[in-house]
Amino acid sequence: MEAINTSIGFDKRLAEQDIRGSRAHASMLAAQGIISEEDSRAIQEGLSTILSEIESDQFVYSTVLEDIHMNIESRLNEIIGERAGRLHTARSRNDQVATDFKIWIRDQLDAADAAIKTLMWALIKQAESGVDWIMPGFTHLQTAQPVTWGHHMMAYVEMFGRDLSRVRGARERLNECPLGAAALAGTSFPIDRTFTANELGFNRPTRNSIDSVSDRDFALEFLGVASISAMHLSRLADELVIWSSAQFRFVQMSDRFSTGSSIMPQKRNPDAAELIRAKIGRILGANVGLITVMKGLPLAYSKDMQEDKEHVFDAADTWLLSLSAMEGLLCDMHVNHEILEAAAGSGFAIATDLADWLVRELKLPFRTAHHVTGQLVAQAERKGCDLHQLSLSEMQSVIPGITENVYDVLNLKYSVGSRDSYGGTAPEQVRRQIEDWKERLA
């Protein structure tokens with residue numbers, strides 16, 4: 001029973017938040033005249049001593065005392081005697097743990113907010129460096145149309161920008177204080193829940209005492225946000241793994257973020273990117289694990305909910321580490337922009353530009369222009385050349401009205417520069433995107 005019941009091995013991570021909550025609760029009890037000012041001062045001083053012991057690794061944790069809350073309460077009793085027993089007036093471990101856990105997750109969301117912004121700045125720096133570097137854009141991992149490196153990097157800025165919005169939305173929704181809900185029904189003592197909510201930085205108290213101790217939506221939303229963000233990290237990591245391969249050589253990882261082989265001296269393995277790509281499994285697993293724990297629980301509190309913390313602790317550590325590793329990887333990475341441009345010209349990437357020219361200049365319906373361009377691509381494939389290397393007479397054998405002006409659009413610089421629609425890949429559009437995000441992040 002002791003082995004299955006104890007949680008001190010992992011919930012000791014809530015020690016600082018537990019002490020923060022207890023200090024606010026003691027101050028409120030004294031302000032309401034529920035305990036004396038002398039008792040409150042003794043409790044505050046005892047909690048300060050305990051926090052110092054924890055921070056200096058001198059605190060002794062006991063599995064017999066089950067969890068961090070009872071460990072701290074027991075040590076407080078050793079320090080100040082029976083006055084310690086007054087601290088638990090008008091609260092339960094149910095609202096206590098919910099409050100501690102909310103504060104801890106709120107702290108992690110604040111850390112994630114900062115980490116995502118730092119990563120976004122690294123992506124913006126990459127985008128600025130290569131705002132007009134031409135590279136192949138892909139669909140189905142097949143060459144589609146030329147784009148700019150800056151545009152591709154800014155696509156990830158948009159993705160992580162949505163993650164940042166979700167982090168802030170999750171923080172806003174969780175920022176209601178459960179303390180004072182007690183076991184599930186509230187308390188008969190004349191407490192001031194707005195006082196404790198304000199002391200702990202919450203916007204307001206929670207509105208329903210049953211829901212207050214039953215709710216783990218805030219933990220599930222944290223895991224949901226982390227899962228989506230980790231998926232974005234995984235997609236970026238996967239591209240970097242592909243792009244750093246000998247077959248692509250678009251990017252080169254620094255020695256700080258790659259490893260060698262134990263037997264092949266030429267290898268530079270993109271281990272950091274591969275591990276970032278893999279870690280979504282842990283985060284998504286935590287998400288599924290906790291939602292499975294919660295899905296069948298009747299109101300209000302059940303001990304099943306003790307199984308929430310290990311999922312969240314591991315996911316938070318993994319997510320924050322992955323964000324930091326990706327930022328470091330991007331800052332150290334070298335981009336081979338000459339190879340990018342050479343690759344952008346392969347696979348008839350400017351075929352759409354030819355089709356668009358036929359629509360504009362010869363007034364063909366787009367579907368007809370699409371078909372004609374397909375014929376010209378097939379002709380170039382048979383000849384083993386690119387579209388711009390077809391002679392005018394060869395093109396006119398397919399579409400008689402075509403003129404030599406078509407060659408003006410059959411180049412990569414024209415292709416990316418012409419896509420100047422809002423949100424497009426043209427360098428000027430990318431510069432606007434960069435400046436917009438700089439202002440938003442600042």
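My entries below cover a pocket, a threonine and the cysteines.

**Pocket**

I kept in mind throughout that this is a predicted model. I started with the largest pocket and got a volume of about 360 Å³. Its lining comes to 14 residues. Which of them lie nearest the centre? I noted Phe138, His152, Tyr156, Arg235 and Glu239.

Next I checked which elements the lining draws on. Strand E1 (134-139), helix H7 (149-174) and helix H10 (217-243) each give at least two residues to it.

**Threonine 318**

I then moved to threonine 318, which sits in helix H12 (residues 309-332). Is threonine 318 buried or exposed? Its relative accessible area is 4%, so I put it down as buried, the cut-off being under 20%.

I also looked at where its side chain goes: the side chain of threonine 318 reaches the backbone oxygen of aspartate 314 at 2.7 Å. Setting aside neighbours within four places in sequence, I found threonine 318 in contact with Lys279, Arg282 and Ile283.

**Cysteines**

How many disulfides does the structure hold? I found 0. As a reminder to myself, a disulfide is a covalent bond between the sulfur atoms of two cysteines.

Cysteine 385 has a relative accessible area of 12%, so I wrote it down as buried. Cysteine 331 comes out at 44% relative accessibility, so I logged this one as partly exposed.

Technical notes: Residues are numbered from 1 along each chain as its sequence is written. This is a predicted model: local features need pLDDT of at least 70, side-chain atom pairs count only at pLDDT 80 or more; totals for chains, interfaces and linings use all residues. Side-chain values use heavy atoms; hydrogens and water are left out. On a 1 Å grid over the protein atoms alone, a cavity is a set of points where a 1.4 Å probe fits but cannot get out, and a pocket is an open set with protein on both sides within 12 Å along at least five of seven lines; lining residues have an atom within 4 Å of a point. Grid points are joined across faces, edges and corners, and a volume is the space filled by probe spheres set on the points. Helices (H or I, at least four residues) and strands (E, at least two) are DSSP runs, numbered from the N terminus. Buried means under 20% relative accessible area, exposed over 50%, partly exposed in between (1.4 Å probe, protein chains only). A polar contact is a pair of N or O atoms within 3.5 Å; within protein, one must be able to donate a hydrogen and the other to accept it, and residues adjacent in sequence count only if both atoms are side-chain atoms. Contact means heavy atoms within 4.5 Å. A disulfide is a pair of cysteine sulfur atoms within 2.5 Å.
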